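Below is a brief report on one protein chain, written for use next to its sequence and coordinates.

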Amino acid sequence: MTDGGESDRRIRILIPLGEGGHSKEILHLVSLLGDRYDYHYMMVREDPMSTDRLPVKGRVHRCHRPHLKERHQWKALLGYGVLALHSAGILLRARPHALVHAGPAMTIPVSVLCKIFRIPIVFIETGSRVHTASRTGRFLYGLADLFLVQWPELQEEIFPDACYAGLLL
């Protein structure tokens, strides 16, 4: 149910945040975009990052961490399954118009769900990748509706259909 307020008319963007440099880059992008959008942030429950660091306030949705470095593959797959269920719930609550992220691996399930629900995906390959691709980048290349790289070398060598956008930081 909606209240018909301004937040109902603004474009809603879901921003998944990891626990490292990916978050710093994407939060810088949010600060550049400003408060014209209705932001929804997706963070793992164990993330110590304070919501006070968010440059533009928005609703925070907590999710399960998939434990990607788990020794037993079945536990990692189970973690991804739980994360996919949490991601579906977040998508239903946030109803985003777009997903924008710089991608830690925890963003893969929500990206796949966005593709199924036809929610546009904007992926920004992290600026730490100049000549090699991240695993998330390799997965999302071809899946994202807009794939941005921060280095021209990466576009030339790895992702020829990506858009070179310059450095975020």
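## Aromatic pairs

Y39 counts as buried because its relative accessibility is 1%; buried means under 20% relative accessible area, exposed over 50%, and partly exposed in between (1.4 Å probe, protein chains only). The model is a predicted one: local features need pLDDT of at least 70, side-chain atom pairs count only at pLDDT 80 or more, and totals for chains, interfaces and linings use all residues. Residues are numbered from 1 along each chain as its sequence is written, and side-chain values use heavy atoms, with hydrogens and water left out.

Y41 is also buried, at 0% relative accessibility. Six aromatic pairs are present in the structure. Rings of Phe, Tyr and Trp (its six-membered ring) pair if their centres lie within 6.5 Å; planes under 30 degrees apart count as stacked, over 60 as edge-to-face and the rest as tilted. The pair of Y39 and Y41 is stacked, because the ring centres are 6.1 Å apart and the planes are at 20°. Y141 and F147 instead form an edge-to-face pair, with 5.1 Å from centre to centre and 80° between the planes. Ring pairs also join F123, Y141, F147 and F159 into a cluster.

The relative accessible areas of several residues named in this report are listed here.

| Residue | Relative accessible area | Class |
|---|---|---|
| Y141 | 26% | partly exposed |
| F147 | 6% | buried |
| K115 | 33% | partly exposed |
| D145 | 48% | partly exposed |
| F117 | 48% | partly exposed |
| R118 | 77% | exposed |

## Overall fold and dimensions

The chain contains six helices and seven strands, taken as DSSP runs (helices H or I, at least four residues; strands E, at least two) and numbered from the N terminus. Starting at the N terminus, the order of elements is α-β-α-β-β-α-β-α-β-α-β-α-β.

The C-alpha trace spans about 50 × 40 × 30 Å along its principal axes. Of the 169 residues, 45% are buried. Among contacts (heavy atoms within 4.5 Å) with a separation of 6 or more, 51% involve residues 24 or more positions apart.

## Salt bridge and surface patch

One salt bridge is found in a search of the whole structure, the term meaning a side-chain nitrogen of Lys or Arg within 4 Å of a carboxyl oxygen of Asp or Glu. The partners are K115 and D145, whose closest N and O atoms are 3.4 Å apart. This pair links distant parts of the chain, 30 residues apart: K115 lies in helix α4, and D145 in the loop between α5 (135–140) and β6 (146–149).

F117 is in the loop between α4 (108–116) and β5 (121–124). Together with V112, I116 and F139, F117 forms a nonpolar surface patch with about 380 Å² of accessible area. Such patches consist of residues with over 30% relative accessible area and no salt bridge, where like charges are joined within 9 Å and nonpolar side chains (Val, Leu, Ile, Met, Phe, Trp, Tyr) within 5 Å.

R118 is located in the loop between α4 and β5. From R118 to H97 the C-alpha distance is 9.3 Å, at 21 residues apart in sequence.

Definitions and conventions. Accessible areas come from the Shrake-Rupley method with a 1.4 Å probe; for residues, only the protein chains shown count as cover.
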